[in-house]
Amino acid sequence: MENKNMGCSKGCCCKIAGILSALALIVALGAYFFPRGASSVDSSTFDEKVKGIILDTVKQNPQLLMNAMSDGIAKQREDEFKQVEKSIGEKKTEIAKQAQKFGKLEAKTSIICFFDPLEKSCIEIQKIMLSVIKSKKDVCFKLLPVAVLGDDSITLAKVYIAAYEKSPEKAISFIEHITSGKGDMDKAAIDSALKAAGLDSKEIEGMMGDCDKKLADNGKLAESLKIPVVPAVFLSQGSSVTMLRLSSADQLLSVIDEKVK
């Protein structure tokens, strides 16, 4: 799900880039079909001729304009992804310091994930993580909870942080229980999941005030990296960082199976 607070301006920039690309193409076509030269045609007549050619071209092939816009948007998006990958690589140390780490901590392969614990796709990513950890694959998951869906997300994200601060082992059990339910992740469900994980809900609640800064730091890190969506999932192996374009959470399992032998 796209983070509306971080993603709106990006979407506008993409559309503008696409439109500019389309206009550039159309003007180039006009110049090709009716080049300006040293002739008796004055500037105003030339401009009217070009406008006419542009209109005729678009009328005859409107898909040309749509394709140009689509190509411009796709290129802009790809450039954004590459920049994010570069930024993630440059801030690996900071990410590792802030992240909640699960699985094999010294693994050569890491899955870095910025996620909102209430977002549906993020929940499915966590379930895949649990499956991979149980299979004992040589992978370390580095999770950074952020909150983009409102107050309920903020509350649950702080519970995630507090549970991890108390015990990473019990935190992974909490994640397993909180993501296994089919209902809303309300206070009753959170308390039940904490209890099942061996965590005291009142103690966790008392820790949440101290989690404000850590949640804010995760948000600032996501903004500085220009994370475009949640979940934002990255495969890190050595010096290589790849942003995974997942159409479904199951694809993450396939990527791990392919990359981790």
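User: A salt bridge is a side-chain nitrogen of Lys or Arg within 4 Å of a carboxyl oxygen of Asp or Glu. How many salt bridges does the count come to?

Analyst: This is a predicted model: local features need pLDDT of at least 70, side-chain atom pairs count only at pLDDT 80 or more, and totals for chains, interfaces and linings use all residues. Side-chain values use heavy atoms, with hydrogens and water left out, and residues are numbered from 1 along each chain as its sequence is written. By the salt-bridge rule, the count comes to 9.

User: What is the N to O distance in the salt bridge of Asp-191 and Lys-187?

Analyst: Helices (H or I, at least four residues) and strands (E, at least two) are DSSP runs numbered from the N terminus. Asp-191 and Lys-187 are 4 residues apart in helix 8, so about one helical turn separates them. An α-helix has 3.6 residues a turn, so residues three or four places apart point the same way. The side chains of Asp-191 and Lys-187 meet at 2.9 Å.

User: Which residue forms a salt bridge with Glu-203?

Analyst: The closest N and O atoms of this pair are 2.6 Å apart, and the partner of Glu-203 is Lys-166. The pair links distant parts of the chain, 37 residues apart: Glu-203 sits in helix 9 and its partner in helix 6. Glu-203 is partly exposed at 36%. At 42%, so is Lys-166.

User: How far apart are the closest N and O atoms of Glu-124 and Lys-127?

Analyst: These residues lie 3 apart in helix 5, about one helical turn. Glu-124 is partly exposed at 37%, and Lys-127 is partly exposed at 34%. They form a salt bridge, with the closest N and O atoms at 3.6 Å.

User: Where does buried Glu-119 find its nearest side chain of opposite charge?

Analyst: Glu-119 lies in the loop between strand 2 and helix 5. Lys and Arg count as positive and Asp and Glu as negative; His and the chain ends are not counted. Glu-119 has no salt bridge, and the nearest opposite charge is 8.2 Å away, on Lys-120.

User: Which strand runs parallel to strand 3?

Analyst: Two strands pair if DSSP finds at least two bridges between them. Strand 1 (residues 100–103) pairs with strand 3 in the antiparallel sense over 4 bridges, with Gly-103 opposite Cys-140. The parallel partner is joined to strand 3 by 7 bridges, and is strand 2.

User: How many residues of strand 3 are buried?

Analyst: Strand 3 covers residues 139–145. Val-139, Phe-141, Leu-143 and Pro-145 point one way, while Cys-140, Lys-142 and Leu-144 point the other way. Both sets are buried, giving 7 of 7.

User: What is the bridge partner of Phe-234 in strand 5?

Analyst: Strand 4 (residues 232–237) and strand 5 pair in the antiparallel sense over 4 bridges. Strand 5 has an uncovered face, Ser-240 and Thr-242, and a covered one, Val-241 and Met-243. Phe-234 has as its bridge partner Met-243.

Terms used:
Buried < 20%, exposed > 50% of the residue type's maximum accessible area, 1.4 Å probe, protein only.
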